[in-house]
Amino acid sequence: MAKELERAGFPTATVTSLAAVAVKVGANRIVRGNRFSHPFGRPELPPAEERAWRVELVRTALRALRTPVEGPTVFEPPAP
Amino acid sequence: MPAAPWRLIIEMRIVHYLNQFFAGIGGEDRAETPPDARAGAVGPGLALQQLLAGEAEIAGTVWCGDGLVADGPDDVLNAIINAVESFAPDVVVAGPAFGAGRYGLACARVCAAVTRRLGIPALAAMAPDNAAVELHRHEVLIVPTAATAIGMKDALAAMARLAPRLGRGEALGPAAVEGYLPRGRRMNARAAAPASERALQLLLARLDGRPFASEVELPRYERIPPPPPVTDPARMRLALVTECGLVPRGNPDRLEWVRASKWLTYPIDGKQTLAPGDYEVAHGGYDAAFAAEDPDRLVPLDAVRELVRRGELGGVLDAYYVTCGNHGILGQMAVHAREIAADLRRQHVDSVLLVAT
């Protein structure tokens, strides 16, 4: 899906727990999310901290969208 | 009066398929030429006949306009197959089509139909990046050619090499050895050394920098050149797209939780967060409990809104796009994404946040 969206000209940040798979299939801007069932969640954290971490992860996606890349590139969110 | 001696030797009959151009009918202006045939070799078939020497005879040539057969109605293909059958061939060859898209599709369709319906082996020739290759290489034997007719000589030589063997009913060896495009088939063969030893030899070759070839063909994925980055997120409009299957409670549009046939959009305007209880997950591939507690763990609307409030992000489209990627068929998912992209263009979106589970 990422590739078709990019083919259509939209810079696309793919947030996924399976960054290696995303690299393999050729998505270009990849952001490492948390787990398969909750890429934007950290259920073990108190709600306020989880929310702050989620904001950081979206920030990482924005960073991916404004970064020039040549091919599949993984962007790591800041450590919680 | 007895027939000429060479007539007695040649028993193998080949039928050659061409498009209207190589059959000498005309160019693009004659692309709607209906199926037709005549006995003997035509156009590139004359050179092919020479290369076949005494091994086989081109009994007949069948042609059709590219515009009709590539994606035309079945009756066109039926007429072609009937014409092919009328020459009672032992093997059918098609092309070479080189890089020509519709001609390549025509060759592949004719070969596939000949094999399937008549049980006669068939061989097509075209460039490896001809679109027909990806579509038909699993069912059609294809020899690779250059992208243009500059490669005619080599293409005909490859056809002349394999066609008689197919006509004799010989089983071909692996693609890399025989020089045809891989069909993605695995065949049993006896190897000289056990797998462990062969794997070590591969590893040693790799470490030594010697050439090596893997025994397992890896899937090939097309590379898409990355679009240029957005200049300023604070001025861009972002769309939220996901294949995670997050839908409003009750799944009102019945998104399938496996092999989804559709994509949907749901409004998020006025919402600061995706409230627990308002959403559910239509996806058979993961545990939805974490998302049920807080759907923002899948589609991070609360964080996106916060970044808009802080001025770090210009805005977000007032609906999110969703389908379900569980057991998604690659081609179908690509269609969903292309349709979503077309819709995003109408909404003047600058970039996409795609959530993949």
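Reply: Two residues are in contact if their C-beta atoms, placed from the backbone, lie within 7 Å. This is a predicted model: local features need pLDDT of at least 70, side-chain atom pairs count only at pLDDT 80 or more, and totals for chains, interfaces and linings use all residues. Residues are numbered from 1 along each chain as its sequence is written, while chains are lettered from A and ligands numbered from 1 in the order in which they are written.

Start where the chains meet. On chain B, 43 residues touch 42 residues of chain A. Helices H10, H11 and H12 and strand S13 of chain B each supply at least two residues of that side. (Helices, H or I with at least four residues, and strands, E with at least two, are DSSP runs numbered from the N terminus.) H12(B) gives the most, seven residues.

S13(B) also reaches across to chain A. Five bridges join it, in parallel, to strand S1 of chain A. Two strands pair if DSSP finds at least two bridges between them. Here Thr14(A) stands opposite Leu354(B).

Now take a strand of chain B, S5(B), residues 122-126. Five of its five residues are buried. (Buried means that 20 or more other C-beta atoms lie within 10 Å of the residue's own; exposed means 12 or fewer, and partly exposed is in between; C-beta atoms are placed from the backbone.) Ala122(B), Ala124(B) and Met126(B) point one way, Leu123(B) and Ala125(B) the other. In a regular strand the side chains alternate between the two faces of the sheet.

S5(B) pairs with S4(B) in the parallel sense, over three bridges. Ala122(B) is the bridge partner of Val92(B). From S4(B) the chain crosses through helix H5(B) to S5(B), a right-handed β-α-β crossover. (Right-handed: with the strands pointing away from the viewer, the path from the first strand over the helix to the second runs clockwise.) S5(B) also pairs with S6(B), again parallel, over four bridges. Met126(B) stands opposite Pro144(B). The chain runs from S5(B) through helix H6(B) to S6(B), and this crossover is right-handed too.

Last, return to H5(B). Helix H4(B) packs on H5(B) at an angle of about 65 degrees, with axes 10 Å apart. (Axes are lines fitted to C-alpha atoms, for helices over the stretch in contact; angles run from 0 to 180 degrees between N-to-C directions.) Among the residues that meet are Leu77(B) and Ile80(B) of H4(B), and Val110(B) and Ala113(B) of H5(B).
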